[in-house]
Amino acid sequence: MSLHGARVAALLAWVNSTKVCPDPLKDLSQLQDCSVFIRIIHKIHGSKEGESVLDQPLPERISFIHGFLQKHCRHKLAAENLVSAQKLLDGEELALAKVAVLLLYHTSMSCKNPGDWNEFDYKTQVELASILKFVLDNEECLNENLEPFLQRKAEPSSSSMSSSGFEEHPPLSPLPHKRDVRFLELQKISSFPSTNLPSTPSSPMGDIMQTPQFQLRRLKEQLVFERENREELEAEMAQNHKLVMEKDAQITMMQQRIDRLVKLNEKQAEDQLEPKEMEELREKNESLVGRLHEAFRQCQDLKTEKAQMDRKISKLSEENGDLSFKLREIASNMVQLQRALNELSEEHNTAMAQSEEKQRQLEKELHAALQDKKCSEEKIEILQGKISLLEDQLAKLEECSTQEKGEVMGDVLKLEELKQEVSSLTAKGMRLEEEKQQLDSLVTSLQSSLSESHRARERLKRDLQARAAEGQA
């Protein structure tokens, strides 16, 4: 199955944005020698760790990349299970795309200043955001799901846009009619364009990196990194402590040897040894004293280094404690905000359903009233025509004899009845107009209530974003 064209294009755009290759890449096959990956790793850590690897054969380069992914990407599955070394060696494009995905994820997590995502066009940002969101949601089963995700065919563009703003794949957040709404999705409900509230396109990459899910994952990554640094420092300190103990033992042994030589020297002096033998003993003694001083100096250096290590570990412990406290505080605040947002969402959905039903009922009544009014107006027009005809006849009757007037008296009574019926209809029409105005007023009130509910959701969303920003700081 071929790879997903839009996602591959987005990954290549991100690789080109790192500025590690002289010419922009246009195809995944240009990554086969893995040198671009190594340069990206070098740029991420700002070290020269991978420079020497660039001069080595491809298997050694792949081994270096595997080691980096195992050490830094921190997934449940080992890197060699997720990305096959043999497939990288064969230049398989799916394996190359996997490495690019993992490096994009690690760079986004580890980089304190992720850069200006607006240098990418909106469609590329959408695809990069969907890749990050997919890795976040599938860390436990990335090995099974990453390949189908990278191979998934794009859906028709006319139906691919959802309320979350992402294209050509399942939406990152469901519509708000679902009761069980995930935290990230609630946070993003009103951040993207909808059919009712048009807005200008936002930055999908900037939005997803401000979500609580991403910020919590970044804090956890920092905690793991600090914990590993602390463990490495503790191991180094233990090794230095061992060296100090060994030097102390050597000093003790040398001091004992010096003491024995001093005693032997005194004894030999008493025995009046030859000057030559005395000179040899003196030279040995001076040599041992020099070695003792050198060992003592090394011991002092190790003790100084150990004190520095102790201070560094103490500082890291304090920072680790602060991060842990901040993480717990953010998690607690997010739980409260999520609960409030779930309640507001449920109330909003209920109000929406009730308002839609009420609006349909009012519109139905309004339609019926308008139809009734229209029928009455038509009937009035007909009756007015008859009245005009009868009035013409009455005008002619005034010129006729009394006998003829008596014969048409029935028409006069029919005329009077028509006038009364017309009067009864223009009144019914007034009542219908009043009912129409009342219905219009109810519709306006209903729309105002819906707008207030939407504003309340917006205020809660901004509060949630502010809390996430505090966690990032």
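**Note on salt bridges and cysteines**

1. Lys 98 is buried, at a relative accessible area of 6% (buried means under 20%, exposed over 50%, partly exposed in between, with a 1.4 Å probe and protein chains only). The model is a predicted one, in which local features need pLDDT of at least 70 and side-chain atom pairs count only at pLDDT 80 or more, while totals for chains, interfaces and linings use all residues. Residues are numbered from 1 along each chain as its sequence is written, and side-chain values use heavy atoms, with hydrogens and water left out.

2. Lys 98 forms a salt bridge with Glu 147 at 2.8 Å, N to O (a side-chain nitrogen of Lys or Arg within 4 Å of a carboxyl oxygen of Asp or Glu). Because Glu 147 lies in helix H8 (residues 142-151) and Lys 98 in helix H6 (residues 93-110), the pair ties together parts that are 49 residues apart in sequence. Helices here are DSSP runs of H or I with at least four residues, numbered from the N terminus. Glu 147 is partly exposed, at 25%.

3. The structure holds 8 salt bridges. Among them is Arg 230 with Glu 234, at 3.1 Å, N to O; these residues stand 4 apart in helix H11 (residues 212-270), about one helical turn.

4. In helix H12 (residues 275-397), Asp 310 and Lys 306 are likewise separated by about one helical turn, and their side chains meet at 3.3 Å, N to O.

5. Glu 294, Arg 297 and Asp 301 are linked in a network of salt bridges.

6. The count of disulfides (cysteine sulfur pairs within 2.5 Å) is 0. Cys 21 is buried at 16%, whereas Cys 141 is partly exposed at 27%.

How values were computed:
Helix = DSSP H or I, 4+ residues; strand = E, 2+ residues; numbered from the N terminus.
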